[in-house]
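Hi,

Here is the structure I promised to pass on, with some notes on what turned up in it. Have a look at it first, and then read on.

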Amino acid sequence: EGLGGASARNLGLTLVQGEYVSILDSDDFFEHSMLEKAVKKADETNADVVVFGGYEYDDANGACYPAGSILNESALPNKVVSSYRDCPKYIFQISAGMAWNKLYRRSFLEKYGVKFQRIKYTDDAYFTFSHMVLAERIAVLKDKLCYYRVNSGTNQTAGLSNYPDSSYLPYLALKESLVAWGCYRDVEQSMLNCAVAFMRYFYDK
């Protein structure tokens, strides 16, 4: 349907039966211990969401680079478990809008029923950022457990310039939801900073 992975992911969310949900992209790769470590952290902390670190993997030369966009440790509150209330000005700077470096508790996802946006690119941004605000308990693993491929020409961001609306549609939807949830004013600075950075990323592409 030309809608990326959104339809498949939304269907998958209606079928899952396990305690936790992990949403991975087929063009990236992951440490074998990723799910084991993330589940252990979730069990220990009773977290709604576990966020973990990762690398950018350059397909052209095989080099790995730590990626602050995957986990920005400087934005983390000094707590084992936190919510947006602990860092409202930085909640969307903790991790960019990708789903694949996070583990979700299924009951938490089902409680709110937030879906992936049916847009061509960045269909996970609205889903991901919404849950960073809705979560009462966010835990972090600083371990780098995932590898995001760059310079491959086949990943989800190839061809961004053909779909400029994908740069702002997630933020229009996110603002509307944040207003409805009564927390927009608390996180407004973080969301606007995130939106500007995201649209600049599109522009650079």
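Let me start with the core. The largest nonpolar core has 42 residues, and Ile91, Phe92, Tyr104 and Leu178 touch the most other members. By nonpolar core I mean a set of buried Ala, Val, Leu, Ile, Met, Phe, Trp, Tyr and Cys residues joined through side-chain atoms within 4.5 Å. Buried stands for under 20% relative accessible area, exposed for over 50%, and partly exposed for what is in between (1.4 Å probe, protein chains only). At least two residues of this core come from each of helix H1 (6-15), strand S3 (49-58), helix H3 (106-112), helix H4 (125-134), strand S7 (138-150), helix H5 (169-180) and helix H6 (184-204). These elements are DSSP runs numbered from the N terminus: helices are H or I with at least four residues, strands E with at least two. Apart from this core lies another one, of 19 residues, with Met34, Ile70, Trp100 and Cys146 among them.

A word on the basis: this is a predicted model, in which local features need pLDDT of at least 70 and side-chain atom pairs count only at pLDDT 80 or more, while totals for chains, interfaces and linings use all residues. Residues are numbered from 1 along each chain as its sequence is written, and side-chain values use heavy atoms, with hydrogens and water left out.

Back to Phe92: leaving aside residues up to four places away in sequence, Phe92 touches Phe129, Val133, Leu174, Leu178, Val187, Ser190, Met191 and Cys194 (contact means heavy atoms within 4.5 Å). Phe92 also belongs to a cluster linked by ring pairs, together with Phe129, Tyr171, Phe198, Tyr201 and Phe202. Phe129 sits in H4, where 10 of 10 residues are buried, including Phe129 itself, His131 and Ser130.

Now the rings. The structure holds 12 aromatic pairs; rings of Phe, Tyr and Trp (its six-membered ring) pair if their centres lie within 6.5 Å, and planes under 30 degrees apart count as stacked, over 60 as edge-to-face and the rest as tilted. One of the pairs is Tyr55 with Tyr147, stacked at 5.3 Å centre to centre with 20 degrees between the planes. This pair joins distant parts of the chain, with Tyr55 in S3 and Tyr147 in S7, 92 residues apart. Tyr55 is partly exposed at 24% relative accessible area, whereas Tyr147 is buried at 13%. Trp100 and Tyr148 are stacked too, at 5.4 Å centre to centre and 10 degrees between the planes. Here the link runs from the loop between strand S5 (81-82) and strand S6 (102-105), which holds Trp100, to Tyr148 in S7, 48 residues away. Trp100 is buried at 4% relative accessibility, and Tyr148 is buried at 17%.

Finally, strand S3. Eight of its 10 residues are buried, so S3 is largely enclosed by the rest of the structure. S3 pairs with S7 in the parallel sense over 10 bridges, and Gly54 has Cys146 in S7 as its bridge partner. S3 and S4 form a hairpin with five residues between them, and Gly62 in the turn has a positive phi of about 75 degrees.

Best wishes

Key: Two strands pair if DSSP finds at least two bridges between them.
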